[in-house]
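Hello,

Here is the structure for you to look over. My notes follow below it.

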Amino acid sequence: MAPWGYSKENGPATWHKDCPIANTGVRQSPIDLITTGQTCAKYDSNLKPVIVSYPAFSEATFLNNGHSVQFQPSAGNLSELSGGPLTKKYKFEQFHFHWGNNDSEGSEHRVNGKMYPAELHLVHWNSESPNFSSFQEAVGSNDPHALCVLGFFLKVGAENASLKPITDLLSKVKNAGSSVSFPGKFDLKAVLPETLTDYYTYDGSLTTPPLAECVKWIVFKEPIEVSTAQMEAFRAVDDGHGKPITGNYRPPCPLHTRTVAASFK
Ligand SMILES: COc1ccc2c(ccc[n+]2C(=O)c2ccc(S(N)(=O)=O)cc2)c1
Ligand SMILES: [Zn+2]
């Protein structure tokens, strides 16, 4: 199997060859979040705020896997997610980013066709299911809500001091396949907006192969600000073929019969 990626030869338009669900799936991600008109997100007053319990991580690996950079704490981490549209408690697995070559592209989800320069994904798995007891088992479980991914748009503005420990580390994982153990503690909670009340939520999939249709997506309305320098740091990370990763986002997929709910008017 030719390793998948984001170039013309191995990018999203070719993924169906090894991953037929790319074209046959009816709940693929990402999507364009439309806020007005027929198929727009519907306000649901029952949607509660999302609750995260993210004690500062003390042990984690920061990895460049050739298609993104990923922060993964050791298995013992106790970070949890609940609330919002969820009926179960989810365990934190990892976070990673998607970005573009310039500030007008890079996010995976879009809002009325608008792309942000990047998108942060916080990946969790349902830790209360009787059918699986690890992240990898969850991905392979066919459970429609085995995973929950929180998506946050990044926009260019002031430097983000909470994300600085991460963006400062990007030069240390410039080469694909390289990883470093994260020095000291990382406070993920400090990166997020205070209130996790305003979000879109829908049933979708992983946005990279295996494109498993097992994700409850929660995409927050309020973007996180990062500086131009912090954005540039992402664009210097290599893809393993001697080129920088200058666009690791999948284009939007058809909604089919899905509806998108919004927790805000
Ligand atoms: C063969 O089994 C797997 C399982 C999962 C894999 C994966 C390869 C890459 C990413 N993953 C992921 O876990 C993964 C992929 C995409 C996302 S995303 N961008 O948040 O939808 C999150 C997590 C392979
Ligand atoms: Zn992602």
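A nonpolar core here is a set of buried Ala, Val, Leu, Ile, Met, Phe, Trp, Tyr and Cys residues joined through side-chain atoms within 4.5 Å. Buried means under 20% relative accessible area, with a 1.4 Å probe and protein chains only.

This is a predicted model: local features need pLDDT of at least 70, side-chain atom pairs count only at pLDDT 80 or more, and totals for chains, interfaces and linings use all residues. Residues are numbered from 1 along each chain as its sequence is written, chains are lettered from A and ligands numbered from 1 in written order, and side-chain values use heavy atoms, without hydrogens and water.

The core first. The largest one has 44 residues. F95, F97, L122, L150 and F186 have the most contacts inside it. β7 (90-99) is among the elements that supply at least two residues. Strands are DSSP runs (E, at least two residues), numbered from the N terminus.

Leaving aside neighbours within four places in sequence, F95 is in contact (heavy atoms within 4.5 Å) with residues including V69, F71, L122 and F186. Another core, of 26 residues, lies apart; V139 and F153 are among its members.

Now the ligand. 16 residues surround ligand 1 (a heavy atom within 4 Å). H96, H98, F135, T207 and T208 are the closest. A nitrogen atom of ligand 1 lies 3.2 Å from a side-chain N or O atom of H96. For H98, the distance from a polar side-chain atom to a ligand nitrogen is 3.3 Å. For H121, a side-chain N or O atom is 3.4 Å from a nitrogen atom of ligand 1.

Best wishes

Conventions: Buried < 20%, exposed > 50% of the residue type's maximum accessible area, 1.4 Å probe, protein only. Helix = DSSP H or I, 4+ residues; strand = E, 2+ residues; numbered from the N terminus. Polar contact = N/O pair within 3.5 Å; in protein donor to acceptor, adjacent residues only side chain to side chain.
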